[in-house]
Amino acid sequence: MSEQYVLETRNLVKEFKGFVAVDDVNLKIRKGHIHALIGPNGAGKTTVFNLLTKFLIPTRGQILFKGQDITPLKSAAIARRGIVRSFQISAVFPHMTALENIRVALQTSENNSYSFWKSGASLNKLNQRCMELLDSVGLAEFANTTTVELAYGRKRALELATTLAMEPELLLLDEPTQGMGGEDVDSVVELVRKAAKGRTVLMVEHNLGVVSKLCDRITVLAQGAVLTEGEYSEVSADPRVREVYMGTANDKATADRETAE
Amino acid sequence: MTQPVNQTEIQKAILEQQSADNRKKMILNGVLLLLLLAAPFAMYPVFLMKILCFALFAVAFNLLFGFTGLLSFGHAAFLAAGGYTTGYLLSNFSGLTTELGIIAGTVAATVLGLGFALLSIRRQGIYFAMVTLALSQLVFFFLVQSEFTGGEDGMHGIPRGHLFGLVDLSDNYNLYYFVLAVFLGCYLLVQRIVSSPYGQVLKAIKQNEPRAISLGYNVNRYKVLAFVISAALAGLAGSLKSVVFQLASLNDAHWHMSGEVILMTLVGGMGTLLGPVVGATFVVNIEYQLSQGPLRDWVDPILGGIFVITVLAFRSGIVGEIQKFVKKNLG
């Protein structure tokens, strides 16, 4: 039964001193799907991500990965199991080259990360794989560029490549297109589509255009709770979803005007 | 978006740059070695040894501060742990050769460092600094109160002894070359650590800790290891110092000393290999020159002023600024 779901949460709750940020969330992410988590600002999307990767500790509830309870595991252990996340603000190592960024991720599986006596050249055998990953996101020519000098869109691409270097089974992407212009968004959509082959993806995304193009299934969060779940056509037709995105019923007139424009 | 590029060529270019960097490092190391080998013929060896001891202390501190991003405000405790342990053993067990006393001092500082690390590593930023400060104050009071340390007076007349039971270290030149060998060994070790696979992880942790966690690194363990290595080398500096001056004093354990090593590292250039060496040389020289002249009562305010100017105007320190200049104008 749980085999078809890569990730499941059961009654996940996070309270901050009386404020319920995540309220009884039950997610089921099917294997191979690109699953979107959408909702207005403050709906708790990023908090859910932080709970799944244990950057925050859930108040109650369970998290299951491939049917196994991973609720007590720590962040680093979860990453090693194959759930790797990206961040809302581009998460790179700014003063390392693009190649070194990826190499640090590849190093996790090398068992040499504590070897302080080994020479740096012992890492060169990973360079080939780094180049392949860089090439897959169109960054091969920037391999030796310090990351801080890369344009924003390229940093995000590098971040994705670094995440993929971990060979994750489940990819958690927190707003991969945030702060990007039209062309960059298209290229990220392509990258995510490529990256999702043979993997499962859960992504937080504001850009509904991206969601409609990419995602197999959508969960809408509002005020910490699941409002609805379904395919894009179902969800987008749901009046409650329109309401949380556009404002309350009282504001409906304004909202309608806005949509008309 | 991008033209197809030749991966092999880029890789080759990267390897070439690596070996060019290595060559530069070797040349710089060679120059440093020659300078230090010749130095005792131009200057008083004991003064040079003082510089080397503080340089080693600052190099050790910089491994944690500059390369891992952890500001410890308790490193004086390790300097003192090394110095007092070595001093006590060499004073009380005449059969012990000098190098064994020094090794024992280093081990003591290592163990103390592990204790400090386990208690403080979960805290961040200012809290980390405060925990390490509090722990080092505990060590200070322990050293004041204990009988065997000589309390307020410290330990005097620590015998320098014979290296391996053979080389007479009461000769300043012999001792200088021994201290130099230890210093260079440690300097090269830190150089190696920084570029090692482990050093890459430290770099990553320093630059973006949440990201390093999300890549599966158990960052606290890496930090503990860095802390322990740093404490060990700081302890070694203290052990050497107690042999050089035949003295272990409370000055070494005082929080002033923890502050001074921060000053040395910042002035020289944190996060650079040579920075702490240059910084220690600079600070020890300034202190000495000033204490000889009419400004002898003004040493602390003047050092304080230098500290402020460095932090405000030359944040990358002497070596850092030179590196920037070279990169801009020659690279």
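What share of the 331 residues in chain B is buried?

**Figure 1. Overall view of chain B.** Buried residues make up 48% of the 331 residues. A residue counts as buried if 20 or more other C-beta atoms, placed from the backbone, lie within 10 Å of its own. This is a predicted model: local features need pLDDT of at least 70, side-chain atom pairs count only at pLDDT 80 or more, and totals for chains, interfaces and linings use all residues. Residues are numbered from 1 along each chain as its sequence is written, while chains are lettered from A and ligands numbered from 1 in the order in which they are written.

**Figure 2. Fold and dimensions of chain B.** Chain B has 13 helices and four strands. These are DSSP runs, numbered from the N terminus: helices are H or I of at least four residues, strands E of at least two. The radius of gyration of chain B is 21 Å, close to the 20 Å from the globule rule for 331 residues, so chain B is as compact as a globular protein of that length. The radius is taken over C-alpha atoms, and the rule is 2.2 Å times the number of residues to the power 0.38. Along its principal axes, the C-alpha trace spans about 75 × 45 × 45 Å.

Figure 3. An unreviewed UniProt entry lists "transmembrane region" for several spans, including residues 100-119 and 126-144. UniProt positions follow the numbering used here, feature names are shortened, and annotations may be inferred rather than shown by experiment. Residues 100-119 are 100% helix and 0% strand, with end C-alpha atoms 29 Å apart. Residues 126-144 are 100% helix and 0% strand, and their end C-alpha atoms lie 27 Å apart.

**Figure 4. Helices α6 and α9 of chain B.** The axes of α6 (residues 172-195) and α9 (residues 219-245) come within 11 Å and cross at roughly 170°. Axes are lines fitted to C-alpha atoms over the stretch in contact, and angles run from 0 to 180 degrees between N-to-C directions. α6(B) and α9(B) are therefore roughly antiparallel (an angle over 145 degrees). L175(B), V179(B), V182(B), C186(B) and I193(B) in α6(B) meet I229(B), L233(B), L236(B), L240(B) and V244(B) in α9(B). Contact means C-beta atoms, placed from the backbone, within 7 Å. The residues of this contact divide into 10 nonpolar, no polar and no charged. Ala, Val, Leu, Ile, Met, Phe, Trp, Tyr, Cys and Pro count as nonpolar, Asp, Glu, Lys and Arg as charged, and the others, Gly among them, as polar.

**Figure 5. Where chain A touches chain B.** Here 44 residues of chain A are in contact with 32 residues of chain B. On the chain A side, α3(A) gives the most, with six residues.

Terms used. Angles under 35 degrees count as roughly parallel, over 145 as roughly antiparallel, 65 to 115 as roughly perpendicular and the rest as oblique. Two residues are in contact if their C-beta atoms, placed from the backbone, lie within 7 Å. A residue is buried if 20 or more other C-beta atoms lie within 10 Å of its own, exposed if 12 or fewer, and partly exposed in between; C-beta atoms are placed from the backbone.
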